[in-house]
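Thank you all for coming.

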Amino acid sequence: QVQLVESGGGLVQAGGSLRLSCAASGRTFNRYRMGWFRQAPGKERDFVAAINWSGGSILYADSVKGRFTISRDSAENTVYLQMNSLKPEDTAAYYCAARLVTLKEYAYWGQGTQVTVSS
């Protein structure tokens with residue numbers, strides 16, 4: 001059974017940095033695409049970034065380009081989201097997700113980690 005466990009969230013001042021981690025387990029992820037999403041209170045869940053487990057096909061939402069970096073460590077079975085120059089509007093619950101690269105929908109989700117950016 002696939003398990004995704006996020007960590008690394010917290011409270012940070014505007015302009016600061018955080019690194020989120022997503023520990024993946026339960027199968028071999030070679031054919032998977034890993035994504036980060038976020039959901040602010042009262043808003044829909046939005047796409048943030050994604051990467052194939054092979055390390056290719058990196059994609060970012062326009063709102064985080066140049067500030068966030070997604071990466072993965074296959075030896076540690078972990079996906080990271082390095083977040084720099086954080087803004088109050090980045091405040092949200094951040095979720096890790098996984099899907100087969102051949103599918104469109106993300107089938108597996110973590111429980112989320114809260115990121116709060118104070119002004």
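A residue is called buried when its relative accessible area is under 20%, exposed when over 50%, and partly exposed in between, using a 1.4 Å probe and protein chains only. By that rule, buried residues make up 44% of the 119 residues in the protein. Please keep in mind that this is a predicted model, in which local features need pLDDT of at least 70, side-chain atom pairs count only at pLDDT 80 or more, and totals for chains, interfaces and linings use all residues. Residues are numbered from 1 along each chain as its sequence is written, and side-chain values use heavy atoms, with hydrogens and water left out.

The protein has 0 helices and 11 strands, where helices (H or I, at least four residues) and strands (E, at least two) are DSSP runs numbered from the N terminus.

Let me now turn to strand β9, which covers residues 92–100. Because 8 of its 9 residues are buried, β9 is largely enclosed by the rest of the structure.

Which strands pair with β9? Two strands count as paired if DSSP finds at least two bridges between them. Strand β4 (residues 32–39) pairs with β9 in the antiparallel sense over 8 bridges, and here R38 stands opposite Y94. Strand β11 (residues 113–118) is also antiparallel to β9, over 3 bridges, with T113 as the bridge partner of Y94. Finally, strand β10 (residues 108–109) runs antiparallel to β9 and is joined to it by 2 bridges, with Y108 opposite A98.
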